[in-house]
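Open the model in your viewer and keep the selection panel handy. We will go from one chain to its partners, and then inside another chain.

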Amino acid sequence: MENVMTAIRVVPLEHYLILSFLLFSIGMVGALVRRNIIIVIMCLELMLNSVNLLLVAFSAYHSDPGGQVMVFFIMLVAAAEVTVGLSILVLMKRNTDGVDMNILNRLKW
Amino acid sequence: MVKLDLLAILVPALPLLGALFIGFGRRKLKGNSAGMLGTALVLGAFICSLILFLGRDGQTHIVHVFDWIKVGTMDIPFAFQIDALSLWMMLIVTGIGSLIHLYSIGYMHDDPRVATFFAQLNLFTFSMLLLVMGANFLITFIGWEGVGLCSYLLIGFWYTTPEFNYAGRKAFVMNRIGDVGMVLAMTLMFYTFGTLNYVDIMDQAGSFAPSNPLIITATLLLFLGATGKSAQLPLLTWLPDAMAGPTPVSALIHAATMVTAGIFLVVRSSVLFELAPYTQDVILWIGVATALFGATVGLFQNDIKKVLAYSTVSQLGYMFAALGVGAYSAGMFHVTTHAFFKALLFLAAGSVIHALGGEQDIRKMGGLKKTTKTTYITFLIATLAIAGIPPLSGFFSKDGILASTFQDSPFAYGILVFAAMLTAFYMFRVLFLTFFGSYRGTAHPHESPKVMTVPLMVLAVLSAIGGALNIPHIFGGHEWLKVDLGTAVEGVLGEHMALSASTEWMLMALSTALVLLTIWYTWTLFGKKTTLDGEPADMPFLKRLIAKRWMLDELYAVLFEKPFGWLSRNLFGIGETKVAVPLTVGSGKAAHGVAEWLRKMQTGNTSFYLFGMMLGVVVFLLITLFTA
Amino acid sequence: MSALILISVLAVLVLYLGLFGNKSWLAPIGVLGLLGAIALFASGWHIDHHLMGGMVKFDRFSIGFNIAMVAITVLIFLFGPDYYARAKDNVAEQYALMLFSLVGGFLLSSYTNLLMLFLGIEVLSIPLYILAGAKKNSLRSNEASFKYFLLGSFSTAFLLMGIALLYGLTGSFELTVLGEHIANAGSSDMLLNFGLFFTVTGLAFKMGAVPFHFWKPDVYQGAPTLVTIFMATVVMMAATAGFFRLIDVTGMPGMLAQIMVLLVLATLLVGNVIALRQTNFKRLMAYSSIAHSGFLLLALLTDEGLVEGHGTAVGRTLLYYTFTYSLATTGLFILFTIAKRANNGAEHNDIFRGLFAAKPWLALCALAMLLSLAGIPLTAGFIAKYQVFLLAIGAGWLKVMGFGVLMALLGIYYYFMVVRELFVRPDQPVTFVVSPLNWLVVSVCAVAVLVLGVWPSLI
Amino acid sequence: MELLALVLIPFIAAMLLLAFRPAAMARGIALVSTLLSFALVLWLWYSWNGSMVIGVSHDWVPAWGMRFVLGYGGIGLLMLILTGLLFPFIIGTGYKQPVGDPSLVNALLLFCQSALFGVFLAQNAFLFYVFFELSLIPIFFLLMFWGGAHKRSITIRFFLYTLLGGLALLFSVAYVTLQTPVPHSADFTALAALDLPMNVQVWLFWTMFLAFAIKMPIFPFHSWQPETYTMAPTQGTMVLSAVMGKMGLYGIVVFLFTIVPEGALHWSSWVIGISLFGALYAAVIAFRQNDFKRMIAYSSMSHFGLMCAALFTWNAYGISGTLYQTLAHGVLMVCLFYIVGAVAQRTGSTDFAGMGGLKTKMPRMALLFMFVTANAIALPLTQSFVGEWLMYNGLWQWNNWTAFAGVALIVLGAIYMLYAYQRVMLGPDRAIDVTDADDEEHFFLVPLIAITLLVGIFPNVILHVVDGPVQQLLNSFTSLP
């Protein structure tokens, strides 16, 4: 266990920060530009995982397990969330037979 | 003392009762009853004031009725001041008033709204009495405005004729312009003296140095009020139009009493004016100018009442000229005599108009001396009086004024004498055109009933012998009126005739001679007229200007009436409908516009929403970064 | 704790009842359970309970909020039978989901640990994603749930990022630690600023603060009215409480104050102004709720963190504001449903026409609630706004407050557009069918709004 | 206790009307209740000992300084007299000029009266504000239901405009309340006690003044007024001009002069300037109006301009004159709008074009109108004269030139009122059949005219009510720099 910590600490914290920020941004931009909902949901997952990475790094540097506990919670919740999301998507596919982001825009103004 | 209080309150109370009673019972009162009642009450007031007059003791009595306005340090009682001046005016108002009431019974006989007429006439008498009896400026001002209202009502008495209504409004508004001066003068005096009671103000005034700016301002403002009420330049154009009212009204309000309120006011506050020589000069020259103006315009008027109106303007000018040189007694004397003969002239003219069934154009009259004898004789006496033929009343009063102006400024004297000649000219022109020659009209002239001729006779007697009131020393008289007024009015006894007797004789002779000359000239022009040739087409410019009353009305129309209407229309048309309201409406519309624009953000596209959120985040992040 | 468990069990119970397919029992049992929960909460009023290893703390603030949320849920459940009268299936699931989401609300109002904040928000949201799409074959409902889901999880990502950064700063998820760190180390640290900012973003999304408001109009309009009520009331309260929990510890360190000011201004402006042009009542209410969250944010802005005493005032104000707002909203939406049925499905503002002629009492109730939303004296809404005034002026945000005043004026305008409709005579006579239960609920809401307006000290 | 009753009597009566909808007896009930409250006011007047009377005092929300305090001094008493005196007549107007469902109309009017009593009784700034806004709601519905052309848009505009001022006032109230030492108190006494720094007073003055300036209204804030007055039903217009406008003047006295006196002093010249300008502006506009009602609306605006200007002259005459004039103006406006309504009822519109020459057919109405006109142009021995005379004195003591501007109004007033009288009554008889004023209308107008004359002849009856309080107010000013 201890050596894992040290292994993580080999890389300086800034790098973790930068990396997760990059991942986060990639996810965000992806969510913005892509129109296929499946991909957008994957991008959202990417954002969440960047957060996970960050949390792990922090927990290692603070040598405090709380961060990793949080990661598990996030994974769990994200799973639930995606389940719901996909079911909504299925419903949508059934109603409009399309998975395009902006196919549904009756509600506006 | 109680008796005096009672009488003093009774004097204005009786006409007021008349006004209320007749006014509210005007449907019940049939036939002449209204007239009788009104006349009786005014007569009663006359008797009361006569009793007061006879019982006078040269002292000034204040009759305190009740506290009117009492707030902060301001204490304005509702009180009457009984002294020689007010008593004298009360006599004139009630005396002449009762005569004219009597006359009106006949004159207004067939008018359906005769009761209303008498109610308003009584109301006028009440207001006039308040005016002259008031113990402070504000009480006087009550009467001042009251007579204005009554004059407005009575001028527009025949309200179905738009011109008459216009004339009434014109009279009221012009008076109001004068009242601005009056109100401001009162505020100023209250600010200065802390009181408005005549007695107190006159006491305190002594402590002010002559031509103190405050006093000068106050007096000028007071005089502005006077010009409005007494139809002096520049506020005189309402008086001729006021002839639209029934003739008795013209006699009572616009000749005998109301128009002399201005003179009364100046005399009442003589102390202040004595302290303001500058104002006195203004008064003198405005008076002189007005005298000349009225006299000139009178020359070519063809409406008999218009002629009399301008003659009134001119005579009032004389009185103010007198006040301007500080000859208060002379002024009041002329007020009195003028009240006699001018009232007589109007009533006589009224009797003529009555005789001709409403005809007022002297070109359509003539030769009436046979058909309406009494009227003719009385009219003749009055004309001689106003022309200033000795020994009629007008001679003495006018001569007093001329003499006192001469010693102050010979130039003014010259103008006034000239105006006197003009007076003689236009008065005799009227006389000749009306009663001499042969009748040029179509109606069937007939003498008026007794109820109308009796007042004529009484007034004729008065205007004949009225001069006896104030016979100057050179005739061995004792200037009784002057002495009497001296007990009440400051500076009257101070008037001393510096002229040598010989100069006075010479002046009298001169003016009389000139007047007689004029009369002879007039006789040659109009005396024998049987037919009247219309105005020659090519009148010289000056004559045309004068015939058009020096274009004063037109001038005011261009200067004031039209611009005011224009302003009123455009302030509304532009200021309100184009600016104020659109601004409020516009702000609402603007909000809606912004809303319409903002709601376009809500495109309904999920990607756009994501983008918007991210944009927000980025903006906030940047703020965080750069302000950190 | 017990209340939490009770509600969760209740939800499961309701689900099972659903299996036996008789809808008539669902609402009553739900209401009973909720009343029980209120009782349990009330019993714990005097002492603060620390649960889950101190990650949740039931103090007076949270208990007050919880009771309020439960009370509103009761009203909604009472409206339920009438609303679901024509629905065939999945009724039980919807009740159950609402209860689950309510549990999330409890967590939000009482967390002391960022982990619980995250859990709370998710437990609150995920059932809502489903509820919004409850009308399976209605495209609008579908769209609403989809948008809500996507935007919601997007903002969750931000929230998580923020939490992670704060964790990185302090090495703990405990709010108290965070508060102490701010108190000691000051607020210069970038980690802190970013962290707080992202966290606030996530919460602001739930409150519908501009520019995170986009979901609100669409979701409110698309979701089934009952769910809309739930979102407009309970979710609003929960989000506000959650926000307060955080701010009451951190205060307004560093850049946060400026960002909050911008949020307030933008929210007030957009919410009120766009509402001027809304003709669809549900959208109108959505924008009005955005506007109100603007005022709530203004109240939050004045919180000074760990400084003693002040926070309670802000908390009380928020509770009073959200609760009265929820009362009025609930009643109005119920009336809206009635009117909508009377006008066969129209949602335009003018469906209220002729209400005064047909049902004067209900019209007066609607009037009272609209006046309350508009903030006219002697209604609770006015007192609520006045408290915000006091807070903001007391904290010296005069200019912001002045702007708020102007916006409140706009608010009055669009509410009175609806008021006007109440008294306009309709072109053809309309018949409003009102079940006694609805009548009761509406009356309760209206009367409560007035009573709370006259005696504000009741809360 | 009787103070509470004053607020409750109309409220309860209104509730009864709403509950039972006694269409037939509605006016009777309303009339009785207003007469009852008037009697109560008279009793208060009779039993007044010249000092501040606090009738009811309960805590409401102590934390925010909200307390339920009812009381009255001389100035408040005058306003109570105004409200109590005029409302029976306003209700009575409904007999001859009915609008809509009587029980509803009268209920709204009574609600309004209740709120107005509250405003004039409130001794707590917050309470004042609450009643201040509440009085608006019934009027809103009155106009919204029974207004004339474009009632919707005009009513909303009027409502929002006045609410804008109201919210500004609320803002100020909250601010000053927080300035008081803890525990905060919004009582006028507490607020008067605190001495705000000058820079605060300078802006606080406007946030408060805005509300009252819009309420009256005076010049730059008036754009809602003419249309609203013209469009509103007669009774609504009466309430607006005769009573509600006075809330502005009263508010100036109780708020600006007691809480921000230095700020008020600092801005006085400005306020006097715009007020007088507005007065002249409105008077000039009134002259050429083609609509009788709108013309009266502008004349009312002109009067308010003068009153507001005189109020800021900081001397006994200006302030007492203004307060006295509030009563005179109230009576005048009720008379005028009643006559407008009566004439319009006969000729079918408020447009001058349809009038003229009516005197022949309706001499009695003409006489009544002449009396009212005499009051309107402030002839001596009518009510208005005393007020205007005092106000002119106040203006003169402030600055001679303002007095000139003010006194010019007596000319303008005469011009437009007499022109209006001529356009309505005088001139050749029209070939339209109109009936003369009947006994009901006499029964309405004669008492008011009698009051006009009586109070004009014995003004001390009213003046002694305000004299003492105004002196106290001025004494409190003397402490100012």
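In chain C, what percentage of the contacts with a separation of 6 or more is accounted for by residues 24 or more positions apart? The share is 80%, where two residues are in contact if their C-beta atoms, placed from the backbone, lie within 7 Å.

Before you click further, note that this is a predicted model, in which local features need pLDDT of at least 70 and side-chain atom pairs count only at pLDDT 80 or more, while totals for chains, interfaces and linings use all residues. Residues are numbered from 1 along each chain as its sequence is written, and chains are lettered from A and ligands numbered from 1 in the order in which they are written.

**Stop 1: select chain C**

Helices (H or I, at least four residues) and strands (E, at least two) are DSSP runs, numbered from the N terminus. The radius of gyration of chain C is 21 Å, close to the 23 Å from the globule rule for 459 residues, so chain C is as compact as a globular protein of that length. That radius is taken over C-alpha atoms, and the rule is 2.2 Å times the number of residues to the power 0.38. Of its 459 residues, 67% count as buried (20 or more other C-beta atoms within 10 Å of the residue's own, with C-beta atoms placed from the backbone).

**Stop 2**

Now show chain A beside chain C. Their contact takes 33 residues from chain C and 29 residues from chain A. On the chain C side, pick out α5 (114-132), α6 (139-170) and α9 (215-222), the elements that give two or more residues. The largest share, 17 residues, comes from α6(C). By class, this side of chain C has 18 nonpolar, 10 polar and 5 charged residues. Here Ala, Val, Leu, Ile, Met, Phe, Trp, Tyr, Cys and Pro count as nonpolar, Asp, Glu, Lys and Arg as charged, and the others, Gly among them, as polar.

**Stop 3: select chains B and D**

Which pair has the most contacts among the 5 pairs of chains that touch? That pair is chains B and D. Their contact takes 43 residues from chain D and 41 residues from chain B. Several helices of chain D give two or more residues to this side, among them α7 (151-179), α14 (316-347) and α17 (400-424). Highlight α17(D), as the largest share, 11 residues, comes from there. The side of chain D that touches chain B has 30 nonpolar, 8 polar and 5 charged residues. Chain A, by contrast, does not touch chain D; their nearest C-alpha atoms are 25 Å apart.

**Stop 4: look inside chain D**

Hide the rest and keep chain D, with its 19 helices and 2 strands. Of its 481 residues, 66% count as buried. Colour domain 1 (1-173 + 223-245) and domain 2 (265-481) separately; these bounds come from an automatic or database domain assignment. The C-alpha centres of the two domains lie 22 Å apart, and their contact takes 27 residues from domain 1 and 28 residues from domain 2. To finish, select α3(D), which gives the most to the domain 1 side, with 13 residues.

Definitions and conventions: Buried ≥ 20, exposed ≤ 12 C-beta atoms within 10 Å, placed from the backbone.
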